[in-house]
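This report describes the secondary structure and packing of the protein shown below. It begins with a helix lying on a sheet and then turns to other elements.

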Amino acid sequence: MEQLLKLYKEWSGHEPAHTEQLPGAGSNRAYYRMTDGEGKSLIGCIGTSRDENHAFVYLANHFTKRQLPVPEVLAVSSDELRYIETDLGSVSLFDAIRGGREAGGRYTVAEQELLKRTIRELPNVQFRGARGLDFSQCYPQPEFDVEGVLFDLNYFKYCFLKATEVDFHELKLEADFRLLAKDLTAERGECFLYRDFQARNVMLVEDRGENENDKGCLKPYFIDFQGGRRGPLYYDLASFLWQASAKYPDRLRHELLDEYYEAAQQFTEMPKRDVFNHRLRLFVFFRTLQVLGAYGFRGYFERKQHFIKSIPPAIQNLRELLQTADLPYPYLCEVLKQLCALPQFQQIEVMSQTRSDGYKTTDQNPYKAHPKDGPATFSKYDGKGPLVVKVFSFSYRKGIPDDESGNGGGYVFDCRSTHNPGRYEPYKQLTGLDEPVIRFLEDDGEILTFLESIYKLADAHVQRYIQRGFTSLMFSFGCTGGQHRSVYSAQHLAEHIHKKFGVEVHVCHREQNIKQVFPPSSSPQSES
């Protein structure tokens, strides 16, 4: 620690006013946030491996020159065991999507957008990051190869499989390991393989760039890439999208894959989708075995609870792969099926039927989850401004809300065609403002399609009213009880209009006796 403080003083000219150690993760590296007297902070790192630190510093400097979103290394000690880098804050993607993870994979629209923004940035790192990169600087090896694959497969065998009751034939298993390694390395990858691309290694930083539309948005920055090397693009996708604890539903996975595929085509000619999907499945299979090896070592041997808790969802991923993928490794698959059938892993199937927040799901879901006319005359309402928008939720049983402005009531939308969470016991005492209901509606998706058309209609109407200087506009959403669907829709439209146009918005959930005012903003997201 003393040497790190010395490095900070040599770089900045003074000692930090405050130093705090940050929580550790899976590595032996120690991180410290060092803050000066003006409140500006930097991150200091103390590593135990010179070679690992050297690889990180080299890659970070290279990526910074390529203008990629990574921390900038500011100072390095002569022995390369300590360095100082820019502080990307404390909000990781892992933290930002915690709600969806804890809700058993029901991710809100905002959480899904963060995931899409991250996956669209991955090809930038993989392809632009590889340009001019000296892969001989990578640690512990420069390239994804057969030797590395076999090392990871044997890591799974010795640190996980042997810790269970499964009996297996070493030579038969080794033969399938070698066949899998040959298939995985059949195509030489020419991009930068991040290797540890996961939500914990993505930091979210407020965008302060020149693009007005992006200002205020959270931009993904990447850390902990010191284990990267030359390799195939599929590995990082498998690592990110099949992360065991994330519980991404298949629909979201497919959407994220589409986002990646489209973004990657800007850098290279992508294989046809059927070839792409086939190769990806092999890497998902390999990555699942690899992480089980890591979970076994960190969990069973080092007794770290985070890794022990990650084993059940990883086994569930493996079970689904064995059921759906045609894998040409008969003996290996036979052993893995025995593994998945062990009593200690059978509870996973039951667990998958119950969300982690306690709300049970149903198997019987019917919902499978776009100046010739001359000068105009003007009305007496023109140019009065400013506009105030009122948004109501209500129950049709109690009638449509009155329009106190005298302008006729504006729009009334009927939400009753969409899936009703009020039909299910866990949601009957909740409203459209509560997170479980929000996740139910967004996971089902009908309400999103419903609102998509309304947003377009409302945007055009609000913009014209602002242009003409009108003072009042009203939107009302009705459903059976005025509790779930109408409340969700009214709240989201109110927030959407306020964020986009900056006008004053009043929202009233009549049957819930809840009122809220969004005051006018001086900096709307888009100009009227």
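## A helix on the mixed sheet

Helix α15 (residues 446–468) lies across β11 and β12 (472–479) and runs at about 165° to β12. Helices (H or I, at least four residues) and strands (E, at least two) are DSSP runs numbered from the N terminus. Contact means heavy atoms within 4.5 Å; axes are lines fitted to C-alpha atoms, for helices over the stretch in contact, with angles from 0 to 180 degrees between N-to-C directions.

The open sheet concerned has 5 strands in the order β11-β12-β10-β13-β14, with mixed pairing. Because β11 (411–414) and β14 (514–518) stand at the edges with a single partner strand each, one side of each has no neighbour in the sheet. Neighbouring strands here are turned by 15° against each other on average, direction ignored. Strand β13 (residues 504–509) runs antiparallel to β14 and is joined to it by 5 bridges; two strands pair if DSSP finds at least two bridges between them. Within β14, Val-517 stands opposite His-506.

## Basis of the model

The model is predicted: local features need pLDDT of at least 70 and side-chain atom pairs count only at pLDDT 80 or more, while totals for chains, interfaces and linings use all residues. Residues are numbered from 1 along each chain as its sequence is written, and side-chain values use heavy atoms, leaving out hydrogens and water.

The protein contains 16 helices and 14 strands. Of its 528 residues, 48% count as buried, that is, under 20% relative accessible area (1.4 Å probe, protein chains only).

## The antiparallel sheet

A further open sheet of 5 strands has the order β1-β2-β3-β5-β4 and antiparallel pairing. Its edge strands, β1 (18–21) and β4 (73–76), each pair on one side only.

Helix α1 (residues 2–12) lies across β1, β2, β3 (41–46), β4 and β5 (82–86), at about 50° to β5.

## Helix α5 and its partner

Helix α5 (residues 109–128) has 20 residues and spans 29 Å from its first C-alpha to its last, close to the 28 Å expected at 1.5 Å a residue; the expected span is 1.5 Å times one less than the number of residues. Of the 20 residues of α5, 15 are buried.

The axes of α5 and helix α9 (residues 250–264) come within 9 Å and cross at roughly 35°. Residues making this contact include Leu-115, Ile-119 and Phe-127 of α5, and Leu-252, Leu-256 and Tyr-260 of α9.

Technical notes. Buried < 20%, exposed > 50% of the residue type's maximum accessible area, 1.4 Å probe, protein only.
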